[in-house]
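Subject: Structure handover

Hello,

Here is the structure for you to look through. My notes on it follow below.

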Amino acid sequence: MPKSAVVLAPHADDEAMGCSGLMAKLAEAGSRIHVVYLAVDGFHHYGVNGETSLQQRLDEIEDVLALFGENTTYEIAYKDQDLIEKLDTLPRRELVDRFEKVLIEHKPELLLLPALPDYDQDHQAVFYAAHAAARPIAKQFGNHLTPNVLAYEMTKIQWAAEPLPRFAAFTDITDHIETKLESVKRYKTMLRPSPHIRSLESVKALATIRGAEIGVTYAEAFAVLRSTF
């Protein structure tokens, strides 16, 4: 199990949907986890009456990350800057520089980023910038070369305009499925009833399918960008 990980979340709850089972395993093993939330704002969401305030979102982040213990830290790149669904308007170089700084500072053994294809422009912006930031430049040139880079999937990427990748890396989260579901549940402003893709039922269904692929009850799956062993 990696001793340290950086998780890139375009929005608060992406990490819960995509890789909170793995985060629970890392936390249990005593690994350091640093989550970078990109855009955190007050926002009006489809299917919800009224605005979600910035403070609600901040409180939810604190509540969720409490599940993973004192070795889990976080930062918000763009707080209250009206950038939800607008990260694609930022220069890619700005995001690359920001991610490079995070990797050099935290020196993770594992980098987790949102998978493609994804119709969400924020997820696309984060993926491409993070992919560039994690390019193979050796440490003697002032860089931290993260040995393992994985992309986490979410229920919503099934709506894709191109063929989905074969997610080839799996982690058994059978013993951590309740933590995953609780992390999704604690984002109260984002949770939706079934059959919405952000429902607990949908999250559990995807974990069930991924578990069946490796002969366990529940699993998370990842696209492999780099694996060093």
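Is E85 buried, exposed or partly exposed? E85 is partly exposed, because its relative accessible area is 30% (buried means under 20% relative accessible area, exposed over 50% and partly exposed in between, with a 1.4 Å probe and protein chains only).

Before the rest, two notes on the source. This is a predicted model, in which local features need pLDDT of at least 70 and side-chain atom pairs count only at pLDDT 80 or more, while totals for chains, interfaces and linings use all residues. Residues are numbered from 1 along each chain as its sequence is written, and side-chain values use heavy atoms, with hydrogens and water left out.

Backbone points

E85 lies in the loop between β3 (72–79) and α3 (92–106); helices are DSSP runs of H or I with at least four residues, strands are runs of E with at least two, and both are numbered from the N terminus. Its phi is positive, near 65°, although E85 is a residue other than glycine. D13, also not a glycine, has a positive phi of about 125°. D13 sits in the loop between β1 (4–9) and α1, and counts as buried because its relative accessibility is 3%.

Two peptide bonds are cis. One joins L116 and P117, with omega about 0°; P117 is in the loop between β4 (110–114) and α4. The other runs from S194 to P195, with omega near 15°, and P195 is in the loop between α5 and α6 (200–214).

H144

H144 is found in the loop between α4 (121–133) and β5 (148–152). With 16% relative accessibility, H144 counts as buried. Its side chain reaches the backbone oxygen of P108 at 2.7 Å. Apart from neighbours within four places in sequence, H144 is in contact (heavy atoms within 4.5 Å) with L103, I104, K107 and P108.

Helices α1 and α5

The axes of α1 (residues 14–28) and α5 (residues 177–186) come within 8 Å and cross at roughly 140°. That makes α1 oblique to α5 (under 35 degrees counts as roughly parallel, over 145 as roughly antiparallel, 65 to 115 as roughly perpendicular and the rest as oblique). Axes are lines fitted to C-alpha atoms, for helices over the stretch in contact, and angles run from 0 to 180 degrees between N-to-C directions.

On the α1 side, A16, M17, G18, C19, S20, G21 and A24 meet T179, K180, S183 and V184 of α5. The residues of this contact divide into five nonpolar, five polar and one charged.

Regards

Methods. Nonpolar A, V, L, I, M, F, W, Y, C, P; charged D, E, K, R; others polar. Polar contact = N/O pair within 3.5 Å; in protein donor to acceptor, adjacent residues only side chain to side chain.
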